[in-house]
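Reader: I'd like to go through the chain contacts in this one. Can you take my questions as they come?

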Amino acid sequence: MLAESPLWLILDLIGTFAFALNGALTAVRAARLDIVGVLALGMFTGLGGGTIRDILLDALPPATFVDWRYLAVAAAGGVIAFALSRFLDRLAKTINVLDAIGLSVFAVLGAYKALDMGFGVTQAVIVGAITAVGGGTIRDVMIGRIPTVLRSELYAIPALIGAGCAAAANSFGYQGTFAALGAALVCFAIRVVGMRFDLHAPQPPGRSGPA
Amino acid sequence: MLAESPLWLILDLIGTFAFALNGALTAVRAARLDIVGVLALGMFTGLGGGTIRDILLDALPPATFVDWRYLAVAAAGGVIAFALSRFLDRLAKTINVLDAIGLSVFAVLGAYKALDMGFGVTQAVIVGAITAVGGGTIRDVMIGRIPTVLRSELYAIPALIGAGCAAAANSFGYQGTFAALGAALVCFAIRVVGMRFDLHAPQPPGRSGPA
Amino acid sequence: MLAESPLWLILDLIGTFAFALNGALTAVRAARLDIVGVLALGMFTGLGGGTIRDILLDALPPATFVDWRYLAVAAAGGVIAFALSRFLDRLAKTINVLDAIGLSVFAVLGAYKALDMGFGVTQAVIVGAITAVGGGTIRDVMIGRIPTVLRSELYAIPALIGAGCAAAANSFGYQGTFAALGAALVCFAIRVVGMRFDLHAPQPPGRSGPA
């Protein structure tokens with residue numbers, strides 16, 4: 001299992017931390033929450049995608065809930081965001097890069113977990129993308145906001161492509177760390193380029209006037 | 001298992017398609033979403049009810065997630081809604097009828113699945129109704145709208161009655177396709193009559209003034 | 001299993017009823033819902049926390065869904081709230097006390113269920129708190145409101161402390177009814193004192209100006 005190798009465990013924990021930090025910061029900015037709210041939203045953002053993944057794959061109880069390291073890292077992200085939210089505003093670029101790492105790692109590991117459990121390529125791609133965007137979606141719904149992943153930016157699309165590359169590599173017999181790293185890099189590159197040039201996914205024809 | 005007979009499979013796929021199409025159209029109208037958002041909301045609307053059903057019945061992974069035909073039909077509904085949303089506005093009546101077919105089929109098949117797995121009549125009725133209205137409820141929550149099923153129209157009530165008829169028929173030993181078709185027809189008829197005459201479920205006494 | 005002793009079953013049913021009643025009343029006040037909406041939100045509030053608990057603990061189908069007594073008590077709370085919402089406004093204090101009983105019982109029983117199933121102390125505390133606040137959170141999300149538990153009042157904190165006391169007592173070998181009652185009383189006392197003196201959890205530094 002890829003997720004158990006030290007490199008991927010560390011990447012997965014970095015992603016969880018970045019998602020929790022970013023999720024909690026978004027919550028602090030968008031809504032007046034108390035410490036429970038900030039911590040809870042940080043943890044939902046960091047752990048929510050993996051939880052939905054494990055419900056869909058019938059892999060309950062969720063791996064991130066059982067393993068205290070994920071709980072600890074997600075809680076740490078929430079606490080740091082609560083205490084240092086104003087300071088962290090200045091680190092927005094660094095946090096966005098960490099978030100892009102999380103997106104890439106979650107998409108690829110989610111897809112591999114589905115494949116390891118015997119699901120098909122379509123299911124693996126969907127599960128990879130849901131693992132990557134699920135946490136942020138739960139956060140946005142809880143603070144009364146239409147999930148940004150549904151509205152703007154290239155966020156779900158790099159996740160879908162990264163999960164797709166992982167599933168394709170797997171079909172051709174490339175299952176090791178290098179194939180997974182390559183798939184994650186594809187996702188990461190598209191996400192970073194999308195942020196840099198402010199790219200967006202297409203909107204429905206004839207309805208794309210200003211909001 | 002009723003859901004495996006060709007007639008019911010086709011009806012179930014028609015319902016999934018209609019829900020996905022209608023869900024995606026609602027999303028296009030109510031919120032500015034990009035193609036990812038429209039497609040995701042179409043798929044949630046088409047597949048969400050069955051997913052909640054399978055969580056409650058401990059039948060994970062969700063049947064509609066494992067079977068590529070449901071995924072394909074739901075994705076097709078989302079893509080068509082994205083591409084043709086303005087044209088489809090003119091077909092509102094046809095889409096509402098397809099949606100009523102989906103409501104009826106989902107309610108009856110959800111109830112039968114619960115009964116087949118050994119759950120009681122109460123559980124079967126609840127699960128049937130949740131299968132029928134769950135997808136639309138997820139969609140509404142995600143676009144920041146109070147679920148229409150909680151507020152207006154006869155939508156959950158025909159589903160409850162249809163599931164109730166299916167469970168009652170089953171208790172009296174009628175388990176075949178005709179009993180199920182009859183239960184679905186009851187649900188369909190109430191829903192269509194409710195739409196035609198704009199009927200609503202009662203509101204709390206003394207609080208029913210204009211919002 | 002603690003939840004099967006008559007005392008705890010009765011307390012658990014009282015909590016379910018109070019949550020359903022309170023949840024449905026909140027729904028009536030906050031949003032124009034019809035009878036389906038009020039009843040559904042009452043049942044979600046009463047049964048939602050236990051459902052999330054059983055998903056996280058891999059104890060599906062949810063205990064409260066399988067046992068008709070929980071369904072009946074939650075439905076009764078919703079129906080009473082629908083019919084008598086204006087009269088019940090005068091009983092707000094009594095209902096708040098019943099709600100605090102529910103909070104305490106749900107937190108302690110949730111934690112014990114996790115421990116009984118072999119989960120660790122951290123997981124037990126998280127699950128206890130989620131059991132206690134999950135139903136109200138689902139209700140708030142469905143009526144388009146940022147969950148009050150994330151924003152104000154001492155609500156999640158007593159639940160966390162109550163679940164923590166239960167888990168601590170369990171680690172020291174106190175597993176009987178008295179230890180559980182003590183943990184529930186701690187939660188109840190903090191909740192009631194918090195309501196009486198209008199205490200709130202801390203907000204992020206430098207962001208606590210008026211909303």
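Reader: How many residue pairs are in polar contact across the interface of chain C and chain A?
Author: Six, with both residues at pLDDT 80 or more. A polar contact here is a pair of N or O atoms within 3.5 Å; within protein, one must be able to donate a hydrogen and the other to accept it, and residues adjacent in sequence count only if both atoms are side-chain atoms.

Reader: Which elements give two or more residues to that side of chain C?
Author: On the side that touches chain A they are α2 (35–56), α6 (121–142), α7 (148–151) and α8 (156–171) of chain C. The largest share, six residues, comes from α6(C). Helices are DSSP runs of H or I with at least four residues, strands are runs of E with at least two, and both are numbered from the N terminus.

Reader: What is the basis for the model and its cut-offs?
Author: It is a predicted model, in which local features need pLDDT of at least 70 and side-chain atom pairs count only at pLDDT 80 or more, while totals for chains, interfaces and linings use all residues; side-chain values use heavy atoms, with hydrogens and water left out. Residues are numbered from 1 along each chain as its sequence is written, and chains are lettered from A and ligands numbered from 1 in the order in which they are written.

Reader: Back to C and A. How many salt bridges?
Author: Zero between chain C and chain A. The rule asks for a side-chain nitrogen of Lys or Arg within 4 Å of a carboxyl oxygen of Asp or Glu.

Reader: What area is buried there?
Author: About 2500 Å², with 68% given by carbon and sulfur atoms. Buried area is the accessible area (1.4 Å probe) that two parts lose on being put together, summed over both.

Reader: And chain C with chain B, how many residues are in contact?
Author: 32 residues of chain C contact 32 residues of chain B, where contact means heavy atoms within 4.5 Å. The two chains bury about 2500 Å² between them, 67% of it on carbon and sulfur atoms.

Reader: Which element of chain C gives the most to the side that touches chain B?
Author: α2(C), with nine residues.

Reader: Switching to rings. How many aromatic pairs over all chains?
Author: Six. Rings of Phe, Tyr and Trp (its six-membered ring) pair if their centres lie within 6.5 Å; planes under 30 degrees apart count as stacked, over 60 as edge-to-face and the rest as tilted.

Reader: Why is the pair F65(A) and F119(C) called tilted?
Author: Because the planes are at 45°, with the ring centres 6.0 Å apart. This pair crosses between chains, from helix α3 (residues 63–66) of chain A to the loop between α5 (92–116) and α6 of chain C.

Reader: Last topic. What does UniProt list as "domain: Glycine transporter" in chain A?
Author: The unreviewed entry lists residues 10–85 and 97–168 of chain A. UniProt positions are given in the numbering used here, feature names are shortened, and annotations may be inferred rather than shown by experiment. In the model, residues 10–85 of chain A are 86% helix and 0% strand, and residues 97–168 of chain A are 82% helix and 0% strand.
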